Every structure is written in C-alpha cells, then in structure tokens.
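This report examines a structural model with attention to metal sites and charged side-chain contacts. The sequence and structure are shown first, and the discussion follows.

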Amino acid sequence: METHEMPKNYDHRTVEERLYAWWENSGYFTPKIDHDKKPFVISMPPPNVTGELHLGHAITAALQDLMIRYHRMLGQPTLWLPGEDHASIAAQYVVEKSIANEGLTRVGLGRDKFLERVWDWMRRYRHVIAQQHRRLGTSCDWTRERFTMDEGLARAVREAFVRLYNKGLIYRGTYLVNWCPRCTTALSDLEVEHEDEQSSLFYVRYPLEGTEDEYITVATTRPETILGDTAVAVNPDDQRHAALVGRKAILPVMHRAIPIIGDASVDPAFGTGAVKVTPGHDPTDYEIGQRHHLPTVNILNDDGTLNDNAGPYAGLDRLVARKKLVDELQSLGLLVKIDPYSHAVGHCQRCRTIVEPRISTQWFVKIQPLADPAIAAARDGRIRFVPERFAKTYFNWMEGIRDWCISRQLWWGHRIPVWYCDNCGAMSASTQEVLSACPKCGSSRLHQDPDVLDTWFSSGLWPFSTLGWPDDTEDLRYFYPTDVMETAYDILFFWVARMIMQGIEMTGQVPFHTVYLHGLVRDEKGQKMSKSKGNVVDPLVVIEQHGADALRFALLTGSTPGNDMKLQPSKVEGARNFANKLWNAARFVLANLPESYAPAEIEHQCQLWEAQPESLSLADRWVLSRHNRLIGEVTRLIEQFQFGEAGRQLYDFLWGEYCDWYIEIAKSQLNSGDEAAAARTRAILLYVLDRTLRLLHPFMPFVTEEIWQHLPHEGDALIIAAWPLAGALDDEAEAEMGPIMEMVRAIRNARAEYEVEPSRTIAAIVVAGGKAELVRSHADILARLARIDPAQLSIETALQLKPRQALALVVSGYEVYLPLAGLVDIDRERARLKGEVSSVGREIERCGKLLENAGFVSKAPAEVVDKERAKLEDLKLRLVKLTDRLNALQE
Ligand SMILES: [Zn+2]
Ligand SMILES: [Zn+2]
C-alpha cells in the first residue's frame, strides 16, 4: 500500500468511525473456520436491551476486545459473539412505563397486545446498544449477533427445560418466595437487594386465652402481618416464657386463638424474647411453621394489597394497613411501645419496591445435582478463576446453594413450556412451541402455564445456544467450548455459575476454561457512580471528547483483575496525550523513511542486525533489545491476564524510551553525515515503530491502525497483522546505555534544580575510568540530550584533582562535574546556601531537643514521635547536602 503524508494532528473524531466501518465491512471480525487451527472464542455477556452504554460495558468491551485482537493477531480463528439479552423484568417495566404515557396499562391491553408493544419497542431499541458498542471499537462478529428471544435460542430454552423436567430436576411447588408487589412476580434470592433501613419495632400485647389481664408481648417490624399469625413462639430455654408454652394467645383484631410454642430458633435477645409466627410471610416463620405443623395464612394479593384473610383490612395496601392497624392496636390498649430500629430490608433489584415474602406456587430447579459437577470442574482445574480468590467465593455459594425459583409472573420472556390438559388434568412439558394434543389423553383442550422463565435461565445457555445448540451445528462443533468468560464479579452467581452448571448439564463440557472477573469502575474519589450522586461518567461523552482509544487505555491500564478501579479524568487525558505523542513520533518516522527498502526487507535487515549488531550504534542496539524485551514481556503479561501492567510497559517504552531517547538520538545519527548510519537509523525507527504498534493495537486499536496505514506496510490492515515474535536481546547494549541515560537524567535534574534556562548549554567533565572510550563514542548523545556545549565536554579516564567550584554527580560508577560558574551566580548562591544551612541547623536543634524530652517521647502518640524522628533524619541529610554544596563553592 502507498504511504501518504500524515495530517499534523490526530483527530479521533474523523478516524474512529471510518476505521470501524472499514474493518467491519472488510469482514475482519468474522472468523474463518479452519480445522487445522485452534479457535479462540469469547461469548460477549449480552447487555440488556433496555440499557444505555455505561462504564461497566466499556471496561468489559475493552478487556474482551484486547484478548480478541491479540488472539486474532496470533493467527487463530477468533470469534467474539455479541448479542443482547431480553431482560424480562427490566424490559417489561420500561414498556409499562412507556405505555403509561398513553394512558394504557399492561392489564388493560391484555397479554397479546402488550407483547406486541414490547416487540415494537425491541425492534426500535435493540440495536441502539449494539451501535453504542461499535463506538468502543469492539471487534465482535456481528454476522453472528444473537438475541435471547430469537427463535433458535427460544428452542434451546425449551429443550433445556424439558431435559431437566424429564430428569426430575425441575419441579413445581408451593413455597415461600420473594415477591415484588410492583412487578407482581416472584424473584430469586439473588434478585433481592438488602439495604439497611431505619424503621420501627412495634411491641404488641396478645391477651392469653381464658384470662382477663394476662398477656404475652411480641415485637415486630411489620405489624400488618399480625393478621396472618398462626402462633407465638419462645425459646424453650428462656425461663421468662417457658411456662406459657402449650397455652394459647388471642390474636388481636382477628380474635383467633393461636398456640404458644417453644422453638430453639427464637433469639431470646430479640424484643421481649417472644415472637409472632407468620409462616405465610417470613422465611424463618415458614420453617417454624413446617416444624410445628402450623397453618399457613396468606394475607397478600399479587399487588401488595391485603386479601380476605386479613378480615376488616382486606383491600388496603399493606403499608396503609400497617398504619391503620397500629392505630387500632393503640386504641385497644395493646400497643406497648414503638422503638426506633435499624435492619436490612429486601428490595426488588429492578424497581426498588420492598419485597414481601409470600407463599406461592412456582417452578424450581433442583440445583444441587447441577451444582456438584460445577463444583468439581473448578476443583479439578477444568475451570480456573482470575483472580484465584474468586474460586473460594464460588465454592462458598455453590456448596450452600438453594433451589432456584425460575418462574416469573411476567408476560415478556420465555414462556414456561408446560401445558395443562383441561380434559384429564395431565401436566406435560414439551419442546414444541405449541403443544396441540395432550400426550396422555389426546385432547386438544390444553392451556399453557401463564408464567415465563427467569431471564438468567436463558442467559445460562448463552455460550452454546448462540452456536446452534441443541442442533449439532458446525459452529457448535468448532467454537464450543469457548475459552474465556470475562465479566464483572457482581454477576458471578447470577450468570457465571449458572452457565457452568447448565453448560456441563446440557453439553457434557465446561462452557469455558477461564473465568476472568473485573471490578467496578468508580469515580475519581473511589465512590460508586450513581445518578443520585451525579457522578456518572458517560462513556459516549468521553469517547466524543478524547476518543475510544483514550477511554480504553485509561480503563485497561487502571485495572487489575477482580479489583474495583477509579477513573480519573486525568488518566483519560493522559491516554489521549499518549495517542498524540505516538502520532507525532510516527510523523517523524514518516519524514525519515528508508528510501530503498520494502517492509519485508527492513524486517529481514533488522533481524540480521539483531543477530550481528557490530555495525550498529549503541543506541540502535539498545532500542532493538529494549523492544524485543518489551515484546516478550507484553506477550507474557497478556497470557497471564495482567493487561494493566502490559499497557503500562508499552506506554513506558513508547513514550519514555522510543520517543524521549531513541528519536532524540536518531536526530543526531541522521544528521551525522554518515550515510550508512543514517540509513540504519531510518530502518530501525520504522521497524521498532511497526512492531510496537502491533503490540499496542489491542489496547488502542484506532490510532495504531491509522498510523500503520500511513507507514509502508505489507498486508491490508494492522488488525490482522501478525503478532511480533521477540528477537535476540542485547544485554550488553542495555547495560552500557543505562549509565549514559542516567548521566543525562542526572545532568537534567541538576539543571532543573539550579534553574538553568533550557536553551543554555553548560560545561561538563565526565570521569569514566575504563569506560572513557565508550563514553567518548557517545559524547554527541550526551551533549545533545543534556545540553552540554560539545566544546566544553571533556571525558577523562581519571582526574588528579577534583574540579573546584563544580557540582559533583555520581552516576553508576561515573563521576560528572558541572562547573558552577556555568550554572549559577556564585556569590549569590553562596549567600543563599549559608542562610539555608543556619535555618536547617536551628530546626535540627529544635527537633533534637524535643526527642530528648522524656515526657514528649513517653506521652505523645507513637506515630507523632516516629514522624519527628523521620523529620530529624531528613533534616540531617539535607544539612550534609547543603554543606557539601556550600563547600564546593568555597575558594
Ligand atoms: Zn419490582
Ligand atoms: Zn389430557
């Protein structure tokens, strides 16, 4: 491809969308199945259709795209399969809100009409999130994009359900479940979020049966549930109440006689030690009810209003009823007191409504038989976690796992594939979308279960349902099992664990061998981002301002596996500056291209030099070796999932070594008048840049591709260029170059300390012992980079006398003397130093006296004493330095 001049400035706005469309249209994201090669596969965690792109998506996309681009460059057929999740509960909620603007309700519309509205909504918005993902540069195969409600995936859901059902691993039963009265559905334990809330603890007296003035007092945070009580319980070892066990109390308002029972689960320290028992609305009470064969009374309707079992309170909302009942108890003289009380209250993860435990008939997965093989897979190493500590979290949850409630009383989602026969009463699960005849009696009078499945039931099938399972497709055979599951640690249980369980159960294989978990992205102060705090960073705004590359690089280099990270705006700006720095470096290289080489020849030539470096300058040898070392390190770090460190090393090399040193030295070599040396320099500049761009491509895909397209190259695109292999290291060159760089740094620091204007050249004497010849051969580098006047630079083997009135620097065995006359006004500096020596002296005296004071040392906090000691040490060191400097100025 031809090269052309690069614009002066890099403008991500004109580059990113153009390159993305070009990559996508060129088919680079779509792998070619090649049975001689091992593929690399990631299933993208499908974002919710209802979602807007947030930083969680951005970090997920950056990490996965990095792995995908790396493996693609290794030459593996690489599949990153994208898609969207139908998110039953969230989507239904959003559409209900949207039709409310037209004065419509879900129930008013009816199931079919409402579902049409949801599908309309899906058609309009489903691709928004996919479009937003494109802005991040995600190189996923959009030709294989899937939606969890696609027909193929719906079939997979029915197949999985029926298999589990036929094995007896799915059952229907009446149990206490978490109920959201707003969403009017059951929720799994994971979908309930507990938050500490300030509420009240109500103490209520229940009269004892057959007495006029005896009571037992119970305490509760939900007085309205009194209406559903079927017992009072005390701890049998609690002497205060033991005598009452076996008697009966009269339930206030309801006038029902309920037994007083003894149960060891009652905490004598809570309230009065006597508790009311409501098996229909509390998990602990439900268990007590089971143990004591108590009746279970459900007092709640689906929407959180009270039903006929609540007697005079029927029809009222539960919170209205609470207030009214408390008033009534008060007027009856049964309310003893109300104490403030703080406790954890469960909320619906989707709509934040307070969740009510409620007895209801639901579908469950008997989970232990699925969990056991999933535990074994992580124990025996078929699945590993990065970072490893999450294996422990996984085992803890999986070993205590409870059956999974999978039915939801929603309309949007995968309908439970179970039919009830109205003729014979049989219940049949079927993989057919519509069951037309009862398998038992042949009747066509059937009705389908009205509920839908928990969205995570279909998400759990994602790694294989997207590849065509249950059919035996070529994709499934070639791309499954996938390789890495990369996601946020907060969906380890929701999703990762369920994919492992369902993957092993349905396919007999683990769905992936590695689980990489990343942390949350927090704001610059480390706070969680939330709309209410107003600290949410919108990735699309950042991309618009600084580019997707800058956002990605800041996220990647700020992250370590499994840990939350802070996103500082300065980090994104730094990453953008890095892209600009690279652009400018490339412009320099482009302005100094080798004339007569083709890229392959340059590569060949540079590899020959790496093996036989005799003709090269030290700087040439050094930069080749450093970049080979970088290739090895970056490759190793990516393989070990240490992406942040890999990015930091790339940054340090490109900015700190290639740009700041090699390009500066190259300027001398190009202008030295030695044509052969200049030609070598041009070749090395290009070669190192090309190979380093390849390493950086998975981190910053756009700027690297754009630069690469301007450079002479073979092959169509950097995105499919080969990952470089590390060549020979030149330890000797690195060892020799190190001290020269240190000398330059030391001289630069000294210049800064003495505030020498940048344009002014100074004099220097270097004492280099046996290395004098070596240093002499690099005198030009030293002079140029440290701004020394070449005529006033002398490099000696040894000195008879140390130079007077010179600043002495000791660097890796070399001594450097900078005559002070060139740096400062000696008289003024001497006076300034004298003043400073005496003020530091006074401080030392003060500090020393304080520390000799036994009273201070014994009474002051240890850290204060330590601080004073450290301060004294610092002051002493400072005094030595100042005195040295002053002595150097004395005649
Ligand atoms: Zn809800
Ligand atoms: Zn039948």
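Glu 544 and Arg 13 join their side chains in a salt bridge, with 3.2 Å from N to O. A salt bridge is here a side-chain nitrogen of Lys or Arg within 4 Å of a carboxyl oxygen of Asp or Glu. Since Glu 544 belongs to helix α15 (residues 539–546) and Arg 13 to helix α1 (residues 12–25), the pair ties together parts that are 531 residues apart in sequence. Helices (H or I, at least four residues) and strands (E, at least two) are DSSP runs, numbered from the N terminus.

Glu 544 is partly exposed, at 39% relative accessible area, and Arg 13 is likewise partly exposed, at 45%. The classes are buried for under 20% relative accessible area, exposed for over 50%, and partly exposed in between (1.4 Å probe, protein chains only).

## Basis of the model

This is a predicted model, in which local features need pLDDT of at least 70 and side-chain atom pairs count only at pLDDT 80 or more, while totals for chains, interfaces and linings use all residues. Residues are numbered from 1 along each chain as its sequence is written, chains are lettered from A and ligands numbered from 1 in the order in which they are written, and side-chain values use heavy atoms, with hydrogens and water left out.

## Further salt bridges

The salt-bridge count comes to 63. One of these pairs is Arg 18 with Glu 706, whose closest N and O atoms are 3.0 Å apart. Arg 18 lies in helix α1 and Glu 706 in helix α22 (residues 701–710), so this contact ties together parts that are 688 residues apart in sequence. Arg 18 is partly exposed at 44% relative accessibility, whereas Glu 706 is buried at 8%.

Glu 151 and Arg 158 also form a salt bridge, with 3.4 Å between the closest N and O atoms. Glu 151 is partly exposed, with a relative accessible area of 44%, and Arg 158 is buried, with 10%. Elsewhere, salt bridges with shared partners link Asp 11, Arg 13, Glu 17, Arg 135 and Glu 544 into one network.

## Zinc site of ligand 1

The SG atoms of Cys 180, Cys 183, Cys 348 and Cys 351 coordinate the zinc ion (ligand 1) at 2.2 to 2.4 Å. Donors are N, O and S atoms within 2.8 Å of the metal (3.2 Å for Na, K and Ca); water is not among the atoms, so sites may look incomplete. The site is tetrahedral, with angles of 102 to 117° among its 4 donor atoms; four donors count as tetrahedral if all angles lie between 85 and 135 degrees.

The donor residues of ligand 1 follow the spacing C-x2-C-x164-C-x2-C. Cys 180 lies in strand β5 (residues 170–180) and Cys 351 in the loop between β13 (335–348) and β14 (356–365), so the pair ties together parts that are 171 residues apart in sequence. Cys 180 is buried at 0% relative accessibility, and Cys 351 is buried at 12%.

## Zinc site of ligand 2

The zinc ion (ligand 2) is coordinated by SG atoms of Cys 421, Cys 424, Cys 438 and Cys 441, at 2.2 to 2.4 Å. Its 4 donor atoms subtend angles of 104 to 111°, so the arrangement is tetrahedral. The donor spacing in sequence is C-x2-C-x13-C-x2-C. Cys 438 is buried at 3% relative accessibility, whereas Cys 441 is partly exposed at 35%.

Notes
Tetrahedral: all angles 85-135°; square planar, octahedral: opposite > 155°, others 65-115°.
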